[in-house]
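Reader: I have a structure open and want to learn to read its features. Where do we begin?

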Amino acid sequence: MPRFLPLFTKALTDSWRSTLAWALGLTGAIMLYLPLYPSIGGSAQMQQMIDALPQEMTKALNYDQIATGPGYTQATMFGLIGFLLMSMASVGWGAAAVGGDEESGLLELTLAHSVTRIQVVLERALALVVRVGILSALVFLLVLVLNGPSKLDIDVGHLFGAVVLFAALALLSGTAALCVGALTGRKVYAIAAGAAVAVLGYVFNAVGRQSPDVDWLLNLSPYHWAYGNSPITNGADWGAAAGLLGISAALIALGAVALQRRDVGV
Amino acid sequence: MTQAIVVEGLRKKFGQREVLHGLDFAVEPGTVFGVIGPNGAGKTTTMRCLLDIIRPSAGTISVLGRDPRRAGTGLRRRIGYLPGELHLENRTTGRRMLEHFAAISGPVEPKYVNELAERLDLDLDRQTRKLSKGNKQKLGLLQAFMHRPELLVLDEPTSGLDPLVQQEFHALVREVVDGGATVFLSSHVLSEVQQAADTVAILRDGGIVTISTVEALRNAAVRQLRFNAAGAEANDVGALLARVPGVANVVLRELPGDGAAEAAVEATATLSGQVQPLVQELARLNLKNLVLEEPDLEEAVLTLYTGHYVGNGNGHKSVSHTEGAHHA
């Protein structure tokens, strides 16, 4: 009997080490940053220091809301270190899923067995979604646990919405990497595409917030789509979440079709 | 019975460079079909087309009666494939790797996997990254054979295997063929194909030079002949050899007799073609010694390689030259 979703389960089990490593990294970052809020973010001294910084800088770093618990969590965790770690994990997995597998010569043998190429892309994309979901759930739980002790005062519903957007944003760079890997069969192009989505999104947001002259850049920034209305303070923009996930789905579909149509391993 | 593989007019271009220039061949079911040719001749490309890993630029392919481009997973379950460049995952064991492929292409009898591993002398529980090249190759063979496919497509199957395991592999091939399976294998050395195959296609520069049975190749091949005949004149021996078709390069030497030995003629020559006429003629002589060597098929193939190209002015080689000129 053929096992249920063999490629999906294999992709998940093969990457348990990296999943664990990223989970530890995220846990460490959260445990380091959030408990500091009462002494840093909330203090009047810190606020004076931030007020003394150039406005451009505080805007670029999202430190303009750092004086509130949700704002602090957004600025340090979801907007910066968490975003960085999750994007790296997601891009790494997305690039390995097809492009890396093909470049290492493994995909040829897999495709010689009784699988379709669409199945390969879809099952591996599902494994990517599940891993990003696992890490995001971990982030949700850790922030929830620290919410009281660290006096963050975050609304649980808003936290949930923020985590969904956090996951959708990271997934977008991962699916971009997966898609380009499936298109080209090259891991380095896949990583470049995924990193470009994450980095340009961040940069366009940072620059776009500087003045009304360049705020059109915000429209091009997935980072801004996700975080523009401060979901952890104001609740999620579900339309943005659906949009991000929709683009990811389209990228996965494009990758599947592209792989279906081309020569492998040449 | 339908043929196991039918390839007609198969062409493959990578960008501007055409690497297969219209191959035609058919493989009968229950036989071993060997493809030989130098590196870069197009053997691997042809095999990848059969597996739908790459797609032909022109021509039609039928594998087990189906078009690999459209037949999907059902067809590939009936094929076992060993890639020419075998890459295995590092962080796994042979057993886990095989279980994964069995989950995709099953059903696989665990008993048969163990039996194959034992025959090939392979430890399935070692980490794949610690396996030698030969042992990795065995693992590659195992994943190709384990689901008892109707067709085996094996790219350089014995590369890296030591002679004992090669023998075991040839025995395995014979067994599955006796069981009705078809084997399509490639090599760049003829001796290997000669041992395993019923039919041999010689591929060069993306074109088939010739397709022939091993038997026919053997007949076309040149053997070295050497004998001593007692009590004969050199002229008579020369005249006798001249009557045998296929004898050439005759060198005769008279050995004068002494007290212990009779006078004799030592002859060396080459023979191509049938042995029987020669034996009939030699029976007239009083032979003291006779050596008729195994035919050197490598030699035979090399003559075919060159012979056919010279014969066909519009051969494939000239096509590839034109392509090369476009490129340059």
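Author: With aromatic rings. Rings of Phe, Tyr and Trp pair if their centres lie within 6.5 Å. Planes over 60 degrees apart count as edge-to-face. Keep in mind that this is a predicted model.

Reader: Which residues form one aromatic cluster?

Author: A:Phe83, A:Tyr202, A:Tyr223 and A:Tyr227 do.

Reader: Are A:Phe78 and A:Phe166 buried or exposed?

Author: Buried means under 20% relative accessible area. A:Phe78 has 0%, so it is buried. A:Phe166 has 1%, so it is buried.

Reader: What about the rings of A:Tyr202 and A:Tyr223?

Author: Their centres lie 5.1 Å apart and their planes meet at 80°, so this pair is edge-to-face. A:Tyr202 belongs to helix α9 of chain A and A:Tyr223 to helix α10 (residues 222–227) of chain A, so the pair ties together parts 21 residues apart in sequence.

Reader: At what angle do helices α8 and α9 of chain A pack?

Author: About 150°, with their axes 7 Å apart. Angles over 145 degrees count as roughly antiparallel. So α8(A) and α9(A) are roughly antiparallel to each other. Their crossing is right-handed. Among the contact residues are A:Leu172 and A:Val180 of α8(A), and A:Tyr189 and A:Val197 of α9(A). By class, this contact has 9 nonpolar, 4 polar and no charged residues.

Definitions and conventions. Residues are numbered from 1 along each chain as its sequence is written. Chains are lettered from A and ligands numbered from 1 in the order in which they are written. This is a predicted model: local features need pLDDT of at least 70, side-chain atom pairs count only at pLDDT 80 or more; totals for chains, interfaces and linings use all residues. Side-chain values use heavy atoms; hydrogens and water are left out. Axes are lines fitted to C-alpha atoms, for helices over the stretch in contact, and angles run from 0 to 180 degrees between N-to-C directions. Helices (H or I, at least four residues) and strands (E, at least two) are DSSP runs, numbered from the N terminus. Angles under 35 degrees count as roughly parallel, over 145 as roughly antiparallel, 65 to 115 as roughly perpendicular and the rest as oblique. A crossing is left-handed if the near helix is turned anticlockwise from the far one by less than a right angle, and right-handed if clockwise. Contact means heavy atoms within 4.5 Å. Ala, Val, Leu, Ile, Met, Phe, Trp, Tyr, Cys and Pro count as nonpolar, Asp, Glu, Lys and Arg as charged, and the others, Gly among them, as polar. Buried means under 20% relative accessible area, exposed over 50%, partly exposed in between (1.4 Å probe, protein chains only). Rings of Phe, Tyr and Trp (its six-membered ring) pair if their centres lie within 6.5 Å; planes under 30 degrees apart count as stacked, over 60 as edge-to-face and the rest as tilted.
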